[in-house]
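Dear colleague,

Please find below the structure I am handing over to you, together with its sequence. My findings follow directly after it.

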Amino acid sequence: MFRRRPFVRPFRRAVMPAIPPALMRANELLASGNYPAAAEAYEQLARGAQTRGLPHDAQLFLQAGRCRILAGQIPAGMTDLKQGLAILAARGRWPRLLNAARRAAADLNARGLTAEAAEIEAWLKQTLPAGFAESPAVAAPARPRLLPTACPACGAPLHADEVEWSDEFTAECPYCGGAVRAE
Ligand SMILES: [Zn+2]
């Protein structure tokens with residue numbers, strides 16, 4: 001027999017991918033400003049993802065590199081950043097590569113690391129295929145949407161130029177693959 005649904009709304013449960021606890025821990029370390037520990041945690045996750053052939057490895061290396069730079073560990077940071085960028089290049093992910101390299105170079109410049117920024121820019125120039133031009137439609141919706149600053153599933157910081165958009169309102173977290181609703 002048909003039973004009327006109770007008036008109290010049940011919790012809306014989205015289908016979420018299982019979030020690795022190590023990822024949540026890394027995101028917490030970053031949020032609390034413990035950059036050396038966060039870098040180490042992201043590096044471990046990146047290597048694990050790489051070993052298992054998961055597509056999040058590039059983003060995790062980039063994030064590890066960012067944390068190393070924030071921790072003042074510049075050579076280690078450059079190694080991680082280049083690793084992440086090289087993975088994107090090997091996969092032919094040119095728009096993502098362009099965004100990631102520009103962001104890395106901007107971060108380095110902002111910290112006065114102009115030689116390192118120039119190294120990334122020079123590498124980008126010789127790595128991008130000839131004739132590749134940035135089109136305005138690169139991996140972003142026609143109208144910019146406001147993303148939450150952190151992924152609601154895993155807590156990773158989100159940037160509009162680092163996510164894949166599955167439709168006009170939905171982005172995919174580059175760390176855990178969870179769907180993130182934009183406004
Ligand atoms: Zn996430």
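Throughout this message, two residues are in contact when heavy atoms lie within 4.5 Å. Please also note that the model is a predicted one.

On that basis, Q59, L62, R66 and I69 of helix α3 meet R96, A100, R103, D107 and L108 of helix α5. Helix α3 comprises residues 57–70 and helix α5 residues 94–110; they pack at an angle of about 5°, and their axes are 11 Å apart. Since angles under 35 degrees count as roughly parallel, α3 is therefore roughly parallel to α5. The residues of this contact divide into four nonpolar, one polar and four charged.

Helix α5 also packs against α6. The axes of these two helices come within 7 Å and cross at roughly 165°, so α5 and α6 are roughly antiparallel to each other. Their crossing is left-handed. On the α5 side the contact involves W94, L97, L98, A101, A105, L108 and N109, which meet T114, E116, A117, I120, E121, W123, L124 and T127 of α6. Here the division is ten nonpolar, three polar and two charged residues. L108 of α5 takes part in the contact with α3 and in the contact with α6.

A further helix pair is formed by α1 (residues 21–31) and α2 (residues 35–51), whose axes come within 8 Å and cross at roughly 155°. These helices are therefore roughly antiparallel to each other, and the crossing is left-handed. From α1, the residues A22, L23, A26, N27, L29 and L30 make the contact, and from α2 the residues Y35, A37, A38, A41, Y42 and L45. Eleven of these residues are nonpolar, one is polar and none is charged.

Finally, the model contains a zinc site. Which protein atoms are the donors of the zinc ion? They are the SG atoms of C151, C154, C173 and C176, lying 2.3 to 2.4 Å from the ion. The angles among the four donor atoms are 107 to 112°, and the site is tetrahedral. For reference, the ideal angle for four tetrahedral donors is 109.5 degrees. In sequence, the donor residues follow the spacing C-x2-C-x18-C-x2-C. C151 lies in the loop between α6 (114–127) and β1 (164–165), while C173 lies in the loop between β2 (170–172) and β3 (179–181), so this pair ties together parts that are 22 residues apart in sequence.

With kind regards

Methods:
Residues are numbered from 1 along each chain as its sequence is written. This is a predicted model: local features need pLDDT of at least 70, side-chain atom pairs count only at pLDDT 80 or more; totals for chains, interfaces and linings use all residues. Side-chain values use heavy atoms; hydrogens and water are left out. Axes are lines fitted to C-alpha atoms, for helices over the stretch in contact, and angles run from 0 to 180 degrees between N-to-C directions. Helices (H or I, at least four residues) and strands (E, at least two) are DSSP runs, numbered from the N terminus. Angles under 35 degrees count as roughly parallel, over 145 as roughly antiparallel, 65 to 115 as roughly perpendicular and the rest as oblique. A crossing is left-handed if the near helix is turned anticlockwise from the far one by less than a right angle, and right-handed if clockwise. Ala, Val, Leu, Ile, Met, Phe, Trp, Tyr, Cys and Pro count as nonpolar, Asp, Glu, Lys and Arg as charged, and the others, Gly among them, as polar. Donors are N, O and S atoms within 2.8 Å of the metal (3.2 Å for Na, K and Ca); water is not among the atoms, so sites may look incomplete. Four donors count as tetrahedral if all angles lie between 85 and 135 degrees; four count as square planar and six as octahedral if opposite donors are over 155 degrees apart and all others between 65 and 115; anything else is irregular.
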